Amino acid sequence: YKNSNNEFWIYDLSDNSWTQMNPANRPSARRMHAMAAIDGTDKVVLFGGKEDSDILDDETWVYDLSDNSWTQMNPANKPSARDTHAMAAIDGTDKVVLFGGRELGPYNDETWVYDLSDNSWTQMNPANKPSARDTHAMATIYGTDKVVLFGGDDGVYDSETWIYDLSDNAWTQMSPANNPGARVYHAMATIDGTNRVVLFGGASGPSYKSDETWIYTP
């Protein structure tokens, strides 16, 4: 896990091209951070991660595609330094939800919301929530103020599906009849304009990597 990278690339599906952007300023090289796109803008938010020195990071950065620039936001309040957390945007807003991750040893069960409009992190403290975990994944549920979380490691690999509702500040465990099975280090993304979320890959054990594709419909 050494030799972390601070390159930034843009993929354009319309012409099947990757472009290295090379902004003048950027976050330090790191790994196991999280990012989420701000709906209706050219901007993405990055939080945390681990540098090659194994120092955990608590920086908040915003990338603006329109001028190819990274800006360190320095909010007054923010989550603790961590890695292997997950983030997802709230559709139709400037807000991003962060859950969990790992600090210097312990798993984390905090829920935070970042609001780009006023550069603020708010710890939400919902009454019910997933167990403390890392290496899970999250995605936006289009057309709602909800995000979905799947899997992760809370001491054992997990197969739980949870939905966070920002308007109620509530996590609900969904318990679908079928699910991808316990896994970590998978990735999830929303199909824009639908309420469907795609999951790919992950690991169900130290040597069991997956090439499965799953669709979740709330």
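Analyst: Strands are DSSP runs of E with at least two residues, numbered from the N terminus. Two strands pair if DSSP finds at least two bridges between them. The model is predicted: local features need pLDDT of at least 70, side-chain atom pairs count only at pLDDT 80 or more, and totals for chains, interfaces and linings use all residues. Residues are numbered from 1 along each chain as its sequence is written, and side-chain values use heavy atoms, with hydrogens and water left out.

Now the sheet. Four strands form an open sheet in the order β3-β4-β5-β6, with antiparallel pairing. β3 (34-37) and β6 (69-72) are at the edges; each has a single partner strand, so one side of each lacks a neighbour in the sheet. From one strand to the next, the twist averages 20° (axes are lines fitted to C-alpha atoms, and angles run from 0 to 180 degrees between N-to-C directions). Four bridges pair β3 with β4 (residues 43-47) in the antiparallel sense. Ala36 stands opposite Val45 in β4.

Now the salt bridges. Side chains of opposite charge can pair when their charged atoms come close. Here a salt bridge is a side-chain nitrogen of Lys or Arg within 4 Å of a carboxyl oxygen of Asp or Glu. The structure holds eleven.

One of them joins Asp54 and Arg31, at 2.8 Å from N to O. Asp54 lies in the loop between β4 and β5 (60-64), and Arg31 in the loop between β2 (17-20) and β3, so the pair ties together parts 23 residues apart in sequence. How covered are the two partners? Buried means under 20% relative accessible area, exposed over 50%, and partly exposed in between (1.4 Å probe, protein chains only). Asp54 is partly exposed at 39%, whereas Arg31 is buried at 12%.

Next, Arg133. Its side chain meets Asp158 in a salt bridge of 3.3 Å, N to O. Asp158 is in the loop between β12 (146-150) and β13 (161-165), Arg133 in the loop between β10 (120-123) and β11 (137-141), 25 residues apart. Both residues are buried. Arg133 also meets Glu160, at 2.7 Å from N to O. Glu160 lies in the loop between β12 and β13, so this pair ties together parts 27 residues apart in sequence. Glu160 is partly exposed at 22% relative accessibility; Arg133 has a relative accessible area of 0%.
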